[in-house]
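Here is a quick walk through one model, starting with its charged pairs and ending at its surface. Have the structure open while you read.

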Amino acid sequence: GGVNSSSLSVAPPATLVLAGVDAKPDFQADFQTTGRADATDYQSLSPTELLLILGFWSLIAVMTAANSLIEPNHGPWRPLVPYAYVLVDFANAYMWAAVTPVIIWFASRFAIERTGWPTRVMFVVIGLVLAIIIDLATSLVRQHLFYSPTPVSPEMAAMARLRRLWFMNEFIVFIAVLAAGFARNYFLRYRVRREEAVRLQAQAAQLQAQLADARLSALRMQL
């Protein structure tokens with residue numbers, strides 16, 4: 001028979017449509033909030049990542065030690081023990097292996113795209129201090145494994161080291177490790193946002209399915 005226009009109540013689908021429209025901005029807001037939070041929340045290094053760090057610095061130590069054995073160039077220093085060059089290179093590499101997780105944690109605390117110049121100056125200062133400490137620690141190891149036939153006063157040695165900016169190599173290593181930390185942080189943020197986007201798409205599909213079911217139910221009731 002005829003359809004009574006007064007009985008065409010589509011409140012459920014309309015309500016669902018409104019819920020779906022209102023929900024999308026909420027989901028987007030949650031997504032943005034979650035993305036920002038996850039961008040600064042530190043995710044601990046996995047055992048695989050720790051093994052990769054150890055393996056990387058072991059490889060660097062092997063390559064550096066091989067170069068030292070092939071082309072030894074240590075000035076007036078003479079080794080006290082066999083393979084002293086190798087021991088110094090491995091000591092330096094494993095010092096960096098020990099501080100690499102700390103640098104990665106430090107990078108995760110400060111997203112580079114949201115930092116101003118004071119924070120970047122802090123990066124430089126911390127990098128210089130760490131570079132000097134590691135270089136001094138490496139020099140201490142070297143002093144126990146080498147000797148100099150021509151003694152040099154500490155003042156002259158300090159001036160010579162300062163003239164050639166001895167810490168710059170270590171500082172460049174710090175910058176490289178810090179950049180790797182920023183890259184890891186960016187990748188983790190991208191993965192979190194991608195997973196959130198997939199979740200939002202699934203929720204949107206569920207809303208569309210509910211909307212279609214509600215419209216179908218309303219049409220059945222009208223018939």
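Start with Arg 199 and Glu 196, which form a salt bridge whose closest N and O atoms are 2.3 Å apart. A salt bridge here means a side-chain nitrogen of Lys or Arg within 4 Å of a carboxyl oxygen of Asp or Glu. The two residues sit three apart in helix α6, so about one helical turn separates them. Glu 196 counts as buried at 10% relative accessibility, while Arg 199 is partly exposed at 35%. For these labels, buried means under 20% relative accessible area, exposed over 50%, and partly exposed in between (1.4 Å probe, protein chains only).

A word on what you're looking at: this is a predicted model, where local features need pLDDT of at least 70, side-chain atom pairs count only at pLDDT 80 or more, and totals for chains, interfaces and linings use all residues. Residues are numbered from 1 along each chain as its sequence is written, and side-chain values use heavy atoms, with hydrogens and water left out.

By the salt-bridge rule, the count comes to two. The other pair is Arg 184 with Glu 49, at 3.0 Å between the closest N and O atoms. This one links distant parts of the chain, with Arg 184 in helix α6 and Glu 49 in helix α2, 135 residues apart. Arg 184 is buried, with a relative accessible area of 13%, and Glu 49 is partly exposed at 24%.

| Salt bridge | Closest N–O distance |
|---|---|
| Arg 199 – Glu 196 | 2.3 Å |
| Arg 184 – Glu 49 | 3.0 Å |

Where else do Arg 184 and Glu 49 turn up? Both are in the lining of the second largest pocket, alongside residues including Phe 56, Trp 57, Thr 100 and Ala 180. A pocket is an open set of points on a 1 Å grid over the protein atoms alone, where a 1.4 Å probe fits, with protein on both sides within 12 Å along at least five of seven lines; lining residues have an atom within 4 Å of a point. This pocket holds about 210 Å³ of space, a volume being the space filled by probe spheres set on the points. Helices α2 (47–70), α3 (84–109) and α6 (168–222) each supply at least two lining residues, and α2 gives the largest share, five. By type, the lining divides into nine nonpolar, one polar and two charged residues.

Stepping back, the protein has six helices and two strands, in the order α-α-β-α-α-β-α-α along the sequence. Helices (H or I, at least four residues) and strands (E, at least two) are DSSP runs, numbered from the N terminus. Buried residues make up 28% of the 223 in the protein.

Arg 109 is in helix α3 and is partly exposed at 34%; its C-alpha is 9.7 Å from that of Phe 182, 73 residues apart along the chain. Arg 142, in helix α4, is partly exposed at 24%. Arg 142 and Ala 84 are 58 residues apart in sequence and 8.0 Å apart in space, C-alpha to C-alpha.

Finally, the surface. Trp 117, Val 121, Val 125, Val 129 and Ile 133 make a nonpolar patch of about 510 Å². Nonpolar patches join side chains within 5 Å, from residues with over 30% relative accessible area and no salt bridge. Ile 133 is found in helix α4 (residues 117–145).

Terms used:
Patches are made of residues with over 30% relative accessible area and no salt bridge: like charges are joined within 9 Å, nonpolar side chains (Val, Leu, Ile, Met, Phe, Trp, Tyr) within 5 Å. Accessible areas come from the Shrake-Rupley method with a 1.4 Å probe; for residues, only the protein chains shown count as cover. Ala, Val, Leu, Ile, Met, Phe, Trp, Tyr, Cys and Pro count as nonpolar, Asp, Glu, Lys and Arg as charged, and the others, Gly among them, as polar.
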